[in-house]
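Here is a briefing on one protein model. Look over the sequence and the fold, then read the points below.

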Amino acid sequence: MSNQDETPDYRLRKELPEEVPAAAIPPAESASEGEPQLTGRQRLVQGLWPPRVTRAQLIVAVLLFGLGFGLAVQVASNSDSDSALRGARQEDLVRILDELDDRTQRLEDEKQGLEKQRDELENSSDQAEEARKQTVEKERQLGILAGTVAAQGPGITMTIDDTKGTVEADMLLNAVQELRAAGAEAIQVNGLRVVADTYLTDSGKGVSVDGNKINAPYRFKVIGKPQDLEPALNIPGGAVQTLEKEQATVTIERSGKIVVDALRAAKRPDYARSSSQ
């Protein structure tokens, strides 16, 4: 048979290079006979444990712990502060709201009074004389607050009878602070004037006010709005309730005229000086 008679498939076959047998693939090395094969789960556990903690991860963990602890303390604090009001009676809550409204009204009245003084100074034909009048009035008001002048006005009288000798200085100080918060403008206890820098300490079976010992019964004379002062002392967990838990008897009387005539000598400051030029 001639070359022309060769079939196309045979010609194509001759033109291709000779087939090279594939090299035998070496078998995978078998694991040593002494080391057992690990499953996928076991390899995952080995990768995760023991954990490899970096310094940055440790710092982030400490910061997150501090943040969580602070939030927990804040939530606990808010819960404690709300527990007293949550257990209060409806009439006590109404009284507390009324007291807050009264405080807001007092602040608003004070603001209006200051604005009125400003307007009078701006519009007065004789501003020097008006300023002098306001200075005298301001001096009188500051004298009442400082205890250097006597005062009178509406208020209450509170008597604390302590037959068991269980009333301590901090209980009387708590009553003074609640009276001030309710708008008390002048306070006197057993003939001693109570002012901003007054301190109370325990002294035997009695209490000392600014170093002067007083004994029960403790009689407070307070000038202020009676409708604010008495409810402030009787709020749940307030001064009266605390004193009654110590078996003390508390009596409060409202009056249209209370005289606070105990005086304090004006004290010259040791270090503070006027900043006016």
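Which residues does I160 touch, not counting residues up to four places away in sequence? The partners of I160 are V167, L172, P217, Y218, F220, L243, A248, T249 and V250. Contact means heavy atoms within 4.5 Å.

This is a predicted model, in which local features need pLDDT of at least 70 and side-chain atom pairs count only at pLDDT 80 or more, while totals for chains, interfaces and linings use all residues. Residues are numbered from 1 along each chain as its sequence is written, and side-chain values use heavy atoms, with hydrogens and water left out.

**Nonpolar cores**

- The largest nonpolar core holds 32 residues. I160, L179 and F220 have the most contacts inside it.
- Helix α6 (residues 169–181) gives the most to this core, with 6 residues.
- A nonpolar core is a set of buried Ala, Val, Leu, Ile, Met, Phe, Trp, Tyr and Cys residues joined through side-chain atoms within 4.5 Å.
- Buried means under 20% relative accessible area, exposed over 50%, and partly exposed in between (1.4 Å probe, protein chains only).
- Helices (H or I, at least four residues) and strands (E, at least two) are DSSP runs, numbered from the N terminus.

**The five-stranded sheet**

- An open sheet of 5 strands runs in the order β3-β2-β7-β1-β8, with antiparallel pairing. Two strands pair if DSSP finds at least two bridges between them.
- β3 (192–194) and β8 (249–260) stand at the edges with a single partner strand each, so one side of each has no neighbour in the sheet.
- Neighbouring strands of this sheet are turned by 25 degrees against each other on average, direction ignored.
- Axes are lines fitted to C-alpha atoms, for helices over the stretch in contact, and angles run from 0 to 180 degrees between N-to-C directions.
- α6 packs on the sheet and touches β1 (151–161), β2, β3 and β7. The direction of α6 makes about 10 degrees with that of β7.
- Strand β2 (residues 186–189) pairs with strand β7 (residues 218–223) over 4 bridges, in the antiparallel sense. Q188 stands opposite K221 in β7.

**T157 in β1**

- T157 lies in strand β1. T157 is buried, at a relative accessible area of 10%.
- Leaving aside neighbours within four places in sequence, T157 contacts R219, F220, T251, I252, E253 and I258.

**The three-stranded sheet**

- A second open sheet has 3 strands in the order β4-β5-β6, again with antiparallel pairing. The edge strands β4 and β6 each pair on one side only.
- Neighbouring strands here are turned by 35 degrees against each other on average, direction ignored.
- Strand β4 (residues 200–203) joins β5 through 4 bridges. T201 stands opposite S208 in β5.
- β5 joins strand β6 (residues 212–214) through 3 bridges. S208 stands opposite K213, and V209 has N212 as its bridge partner.
- The hairpin of β4 and β5 has 2 residues between the strands, and G204 takes a positive phi near 65 degrees.
- The hairpin of β5 and β6 also has 2 residues between the strands, and D210 takes a positive phi near 55 degrees.
- In a regular strand the side chains alternate between the two faces of the sheet.
- Both faces of strand β5 (residues 206–209) are covered. G206 and S208 on one side, and V207 and V209 on the other, are all buried.
- α6 lies across β4 and β5, running at about 155 degrees to β4.
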